[in-house]
Amino acid sequence: MEHILSRYGAEQQQPNNAQPPPQVVELDTAILEEEMAKLRSAYVRMTGKELDGLQIKELQDLENQISEAILAVKTKKEQLLSEQLEKSKLQEQIARAEIEDLRKQLKEIKNQRKPELGSSSSDHGSRYRSLRMRASNS
């Protein structure tokens, strides 16, 4: 038991930044480069280019993938448009409420000014009549 614990302690004291053997690094690099090449090829095919050499089954699979992608894009677009429509409706309701409030305020202001305008409007009316009489007398 002591021997196992001493080995475990020795492993824990060694630095963890030990480099993997070069063969492992080369293998990982080769695998990643191969994966990148596959992804590039798939991307180019998804754009409709470099389709030479594909069999009917591969073309059908590609067509299905593209159809599914288009459907997903359309669904997302419809969702965003629906959300924008809801926001617009809400903004319209808010604007209508604000307009109604402003109309009420304007009506209140007009009602407050009516008594003031009543006395001054009669003054304006008498001035208008006197000016009209002077014009007809001249």
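From the N terminus on, the protein chain runs α-α-α, and its secondary structure amounts to 3 helices and 0 strands. Helices (H or I, at least four residues) and strands (E, at least two) are taken as DSSP runs and numbered from the N terminus. This is a predicted model, in which local features need pLDDT of at least 70 and side-chain atom pairs count only at pLDDT 80 or more, while totals for chains, interfaces and linings use all residues. Residues are numbered from 1 along each chain as its sequence is written, and side-chain values use heavy atoms, with hydrogens and water left out.

**Confidence**

The mean pLDDT of the protein chain is 82, and 75% of the residues score at least 70; pLDDT is the predictor's confidence in each residue, from 0 to 100. Where pLDDT is low, the predicted coordinates should not be read in detail.

**Surface and burial**

The accessible surface of the protein chain comes to about 13,400 Å², with 56% of it belonging to carbon and sulfur atoms. Accessible areas come from the Shrake-Rupley method with a 1.4 Å probe, and for residues only the protein chains shown count as cover. Of the 138 residues in the protein chain, 1% are buried. Here buried means under 20% relative accessible area, exposed means over 50%, and partly exposed lies in between (1.4 Å probe, protein chains only).

**Salt bridges**

A salt bridge is defined as a side-chain nitrogen of Lys or Arg within 4 Å of a carboxyl oxygen of Asp or Glu. By this rule the count comes to 3 salt bridges, listed below.

| Glu-34 | Lys-38 | 3.6 Å |

Glu-34 is partly exposed at 48% relative accessibility, whereas Lys-38 is exposed, with a relative accessible area of 51%.

Helix H3 (residues 56-137) holds Asp-61 and Lys-57, which are 4 residues apart and thus separated by about one helical turn. Asp-61 counts as partly exposed at 32% relative accessibility, and Lys-57 counts as exposed at 55%.

Glu-92 and Arg-96 also lie in helix H3, 4 residues apart, about one turn of the helix. In this pair Glu-92 is partly exposed at 39% relative accessibility, while Arg-96 is exposed with a relative accessible area of 56%. An α-helix has 3.6 residues a turn, so residues three or four places apart point the same way.

**Helix H2 and the residues after it**

Ser-41 lies in helix H2 and is partly exposed, at 26% relative accessibility. From C-alpha to C-alpha, Ser-41 and Leu-51 are 9.8 Å apart in space, and they are 10 residues apart in sequence. H2 is followed by Gly-48, whose phi is positive, near 85°.
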